[in-house]
Amino acid sequence: MGNPKGVKRDFDQLEDRRLKAAKLFDRGLSQGEVARQLQVHRQSVSRWHQSWKEQGAKALKKAGRAGRKARLQPAQLEQIRIGLKEGPESLGYDTGLWTAARVADLIEQQTGHKFHPGHVWRILRSLGWSCQRPVGRAIQRDEPAIRRWKRVRWSEIKKKLFRSAAP
């Protein structure tokens, strides 16, 4: 039931369809004929007809936006975007790594709205940010020594293990 994932509803188009149904009801067409002409389910037409009988065509107007109203206003989202670009160090954190908890802290400090860290990703995604993991490498990492170990020492260990496992 409902729309496939990712398909947005066109509320203006849906309202136009219901208002066309109201005009057809005014002309005296049956619910079945209205359903055929508009290519919709008879159950929908039945609901529309009931509303139309009780309150007229105004009952078939769109109700407004769907879902809960956003808690953050566009100006607040811009404020968060600027805070993200400044980095977590501006909030007093030691590293330049944004975590969900740190972003939730930023949002609470800048807007006064508290969000669970598990839900912060929606706000980040709406701002164009994506989830990324830092490369976990030590600063003291010695790449030439690692390559040498893999080429020489690992092959020695691997051969010994292979020989000892053979019967």
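Contact here means heavy atoms within 4.5 Å. The model is predicted. By that cut-off, Gln31, Gly32, Val34, Ala35 and Leu38 of helix H2 meet Arg42, Val45, Ser46, Trp48 and His49 of helix H3. By class, this contact of H2 with H3 has five nonpolar, four polar and one charged residues.

Two packed helices are described by the angle between their axes and the distance between the axes. Helix H2 spans residues 31-38, and helix H3 spans residues 42-55. Their axes come within 9 Å and cross at roughly 120°. The crossing of H2 and H3 is right-handed.

Helix H1 covers residues 11-26. The axes of H1 and H2 come within 10 Å. They cross at roughly 140°. H1 is therefore oblique to H2. The crossing of H1 and H2 is right-handed. On the H1 side, the contact is formed by Arg17, Lys20, Ala21, Leu24 and Phe25. On the H2 side, Val34, Gln37 and Leu38 take part. The contact of H1 with H2 has five nonpolar, one polar and two charged residues.

H1 also packs against H3. The axes of H1 and H3 come within 10 Å and cross at roughly 65°. The two helices are therefore roughly perpendicular to each other, as angles of 65 to 115 degrees count as roughly perpendicular. H1 passes H3 in a right-handed crossing. H1 contributes Arg17, Arg18, Ala21, Ala22, Phe25 and Asp26 to the contact. H3 contributes Val45, Trp48, His49 and Trp52. These residues divide into six nonpolar, one polar and three charged.

The search for empty space came next. Rolling a probe the size of a water molecule over the atoms shows where such space is left. The largest pocket has a volume of about 530 Å³. It is lined by 17 residues, of which Trp98, Leu124, Ser130, Cys131 and Gln132 are the closest to its centre. Helix H5 (100-111) and helix H6 (120-126) each supply at least two residues of the lining. The largest share, four residues, comes from H6. By class, the lining of the largest pocket has eleven nonpolar, four polar and two charged residues.

Methods
Residues numbered from 1 in each chain as written. Predicted model: local features only at pLDDT ≥ 70, side-chain atom pairs only at ≥ 80, totals over all residues. Heavy atoms only, no water. Axes fitted to C-alpha atoms, helices over the stretch in contact; angles between N-to-C directions. Left-handed = near helix turned anticlockwise from the far one by under 90°. Nonpolar A, V, L, I, M, F, W, Y, C, P; charged D, E, K, R; others polar. Parallel < 35°, antiparallel > 145°, perpendicular 65-115°, else oblique. 1 Å grid on protein atoms, 1.4 Å probe; cavity = no way out; pocket = protein on both sides within 12 Å on 5 of 7 lines; lining within 4 Å. Points joined across faces, edges and corners; volume = space filled by probe spheres on them.
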